[in-house]
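Trainee: May we go through the terms used for this model and the grounds on which each is applied?

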Amino acid sequence: TPNMAAGLWLFSVGIAKKIILADFFAEWADGGFAMVSLSLLAGWRTALGYTLQIYYDFSGYCDMAIGLGLMFNVRLPQNFDSPYRSTSIQEFWRRWHMTLGRFLTMFVYRPLGGSKCRLPRTLLNILCTFLLSGLWHGAGWLFVLWGGLHGLALILQRLYQALRWRPMPKFLGVALTFLFTLLAWVLFRAETWGDAKKVYMAM
């Protein structure tokens, strides 16, 4: 049946992402975080390795789940949409872990008042939502800091839009968004602040 064929294809793509790509880039990340000190090249390789590992790992699992669902005529929602091609951090969160984004919007951001409040309160709502997002990922300060940084990045974007400055060129938006997410992933992956500091100092 069409669903079986599409499901098998998606499941195969997911397995390839996980086994071929995610596991390959995991060697870059794990090797870097395990080292006592890192060179400039090794620092960037470590951060980039984890940035690609977490995407291919997570999106691969999601593709496998969606594919299995289709084989049984169950349609699961899409969870990733090329997030590293995003031109802004706001767009990134529309493309990354989309089901979590919708959940946080519906059950945290909107009950706090969402964007219907005055600008200062809206910005506070954004920060609170992303601090909770960090805590959702794990009960550790580095996760909370990771979420807080994403919240602050969204706040800066809102302020940029409120000032009605000229829109950023697409290539620059993609580069800055990718660079920010790459730097933030270091906190997400590190087990201690010392681990994160080691990578940042090398970079």
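Mentor: The discussion below takes cysteines, a leucine, a helix pair and the nonpolar core in turn. The model is predicted, so local features need pLDDT of at least 70 and side-chain atom pairs count only at pLDDT 80 or more, while totals for chains, interfaces and linings use all residues. Residues are numbered from 1 along each chain as its sequence is written, and side-chain values use heavy atoms, with hydrogens and water left out.

Trainee: How do you know that C117 is in no disulfide?

Mentor: A disulfide is a pair of cysteine sulfur atoms within 2.5 Å. The structure holds zero disulfides; for C117 the nearest cysteine sulfur, that of C128, is 11 Å away. C128 is likewise in no disulfide, its nearest cysteine sulfur being that of C117.

Trainee: Why is C117 called partly exposed?

Mentor: Buried means under 20% relative accessible area, exposed over 50%, and partly exposed in between (1.4 Å probe, protein chains only). C117 has 28% relative accessibility and therefore counts as partly exposed. C128, with a relative accessible area of 33%, is also partly exposed.

Trainee: Why is L123 called buried?

Mentor: L123 has a relative accessible area of 13%, so it is buried. This residue lies in helix α5, residues 119–137, helices being DSSP runs (H or I, at least four residues) numbered from the N terminus.

Trainee: Which residues is L123 in contact with, leaving aside its neighbours within four places in sequence?

Mentor: Contact means heavy atoms within 4.5 Å. On that basis L123 is in contact with I155, R158 and L159. The C-alpha atoms of L123 and L156, 33 residues apart along the chain, are separated by 9.1 Å.

Trainee: What makes α1 roughly perpendicular to α8?

Mentor: The axes, lines fitted to C-alpha atoms over the stretch in contact, with angles from 0 to 180 degrees between N-to-C directions, come within 10 Å and cross at roughly 105° for α1 (residues 2–34) and α8 (residues 193–202). Roughly perpendicular covers 65 to 115 degrees, and therefore α1 is given that description relative to α8. In this pair, G32, F33 and A34 of α1 meet D195, K198 and V199 of α8.

Trainee: What makes a set of residues a nonpolar core?

Mentor: The members are buried Ala, Val, Leu, Ile, Met, Phe, Trp, Tyr and Cys residues joined through side-chain atoms within 4.5 Å. The largest such core has 35 residues, and those with the most contacts inside it include I54, W96 and W185. Among the helices that each supply at least two residues of this core are α1, α5 and α8.

Key: Angles under 35 degrees count as roughly parallel, over 145 as roughly antiparallel, 65 to 115 as roughly perpendicular and the rest as oblique.
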